[in-house]
Amino acid sequence: MRIFQTTVLALVTASVSASSIPNRPIVKPFPKQPSSSFPSSPPRNPHRVCTVSTHHADAGPAILAAARECNHGGTVYFPAGHNYTIATVLDLTFLANIDFAILGNIKFKDDLTYWQAHAFQYAFQSASLFWRFGGRDVNIYGLGTGSIDGKNFLQLVSWATNKTVARPILFGTDGLHGATISGLKLINPPNWFNLILNSSEVIISDMDLSAISNNTSYLPQPSQNSDGWDTYRSSNIVIQNSVIHNTDDCVSFKPNSTNIIVQGLSCTGSHGISVGSLGQYQGETDIIENIYVYNISMSSATDGARIKIWPGVPPGTVGSTIGGGVGRVQNVTYEKYANSNNDQVIALTQCYSTSNATLCALYSSAVVVKNVIFKDFVGVMSKKYDPVAGYLICSTPEVCSNITAQNIHITEPSGKNATFTCTNVDKTNLQINCM
């Protein structure tokens, strides 16, 4: 016991004055509200502050020690101007009633061999994590100062010739409930920026995500597959008031994401805000429902609002990974979109990853789509598909119903009227020019 206490003191300083710790920000959903209130977080004990030491080549053990020391009522503190390098995996899924004030800068050691062998692995889309947060009543905040930077690992992977090398996700939650994450700068992720996994009642706000480097000699290429947030098996999540510059989905609702609000985002260079892809794996049930996307600025994107669903498979097929999964997408609303230089404003398909419409109709998707609204879209499109501004492609009308598009006011660079490809979809509620 005495040895452990000595180790903790070497890694953590707990004598910081409470007055030197900035106040925890108040983070609340606005303007759209969840259907039920999230739990409140009581103030932390001002006399329980664990400052993470910077005097170590690997900050991982110091962070772990601080989390254990200040769990159940304290604050883990990373002072502004201090740099930390995490060189070993960090499992923080035991948290309860604790804050993390990350005002310093965190990065990960560029040890490709170690991370390939030891990063937390998940079967879904071969996801992996450097570190993960879980527990109840947790607040993680950076006040616009703190940063998490994947540049070291990203630079190493950029030079690797093996494209199958696993790239850990920059920030992840696994089993996090009743939490806020706010005011952090996330930079140059090796893969996705964030994975929200098995979590609920989490508010994410005032984040700054950048996967674009202006220094090509330092970083040979931008981050690839740099989704802003991917939600998976999670419910009652709010993502709001954030800025994202990336090269893939701004937000992606992966299977079994329910009761989620996304609002007040500025997305540049992305693939839009996406449902899916869903139905890829035969034998799996994918559910997306009660999703509200509101007040989005979308620029230089391949798509604005996107729903991606794989088709069905022929009878007798077993173990397919290219469609055949079952499930539903329902009660999804995209409202108030400002579009600038996007290739497509709406992209809905139940024939994802196939160009054969005949086969898609013959083996219709087993993921049913219903009650989807696209509303109040404005802006000027890119020249790429002018005058086609998007598509709504259902495999058959029986599995795709009550799709609404209203107040869609999109301008094409050519001056022609914007058109949409509409296949096997009831046009009754579509106030768009279907071709």
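**Confidence first.** This is a predicted model, so colour it by pLDDT to begin. The mean pLDDT of the protein is 92, and 92% of its residues reach 70 or more. Now select residues 1-9, where pLDDT stays under 50 and the model has two contacts beyond four places in sequence. Residues 216-220 also stay under 50, with 10 such contacts.

**Gln 240.** Next, select Gln 240, which sits in strand β17 (residues 234-245). Is Gln 240 buried or exposed? With a relative accessible area of 1%, Gln 240 falls under the 20% cut-off, so Gln 240 is buried. Show its side chain: one of its polar atoms lies 3.1 Å from the backbone nitrogen of Phe 30. The side chain of Gln 240 also makes a polar contact with the side chain of Ser 205, at 3.3 Å. Beyond its neighbours within four places in sequence, Gln 240 is in contact with several residues, including Pro 29, Ile 204 and Gly 264.

**Asn 194.** Move to strand β13 (residues 194-197), where you will find Asn 194. Asn 194 is buried too, with a relative accessible area of 2%. Which backbone oxygen does the side chain of Asn 194 reach? The oxygen belongs to Gly 228, and the distance is 2.9 Å. Among the other residues that Asn 194 touches are Phe 171, Leu 186 and Trp 229.

- Select Asp 174 and Arg 132, whose side chains meet in a salt bridge (4.0 Å, N to O). Asp 174 lies in strand β11 and Arg 132 in strand β9, so the pair ties together parts that are 42 residues apart in sequence. Asp 174 is buried at 16%, and Arg 132 counts as buried at 17%.
- Select Asp 249 and Lys 308, which meet at 3.5 Å, N to O. Asp 249 is in the loop between β17 and β18, while Lys 308 is in strand β22, 59 residues apart. Both Asp 249 and Lys 308 are buried.
- Select Glu 289 and Arg 328, with their closest N and O atoms 3.2 Å apart. Glu 289 is buried, whereas Arg 328 counts as partly exposed at 32%.

**Last stop.** Finally, select Arg 24, Arg 44, Asp 99 and Asp 137 together: a network of salt bridges links them.

Definitions and conventions: Residues numbered from 1 in each chain as written. Predicted model: local features only at pLDDT ≥ 70, side-chain atom pairs only at ≥ 80, totals over all residues. Heavy atoms only, no water. Helix = DSSP H or I, 4+ residues; strand = E, 2+ residues; numbered from the N terminus. Buried < 20%, exposed > 50% of the residue type's maximum accessible area, 1.4 Å probe, protein only. Polar contact = N/O pair within 3.5 Å; in protein donor to acceptor, adjacent residues only side chain to side chain. Contact = heavy atoms within 4.5 Å. pLDDT = per-residue confidence, 0-100.
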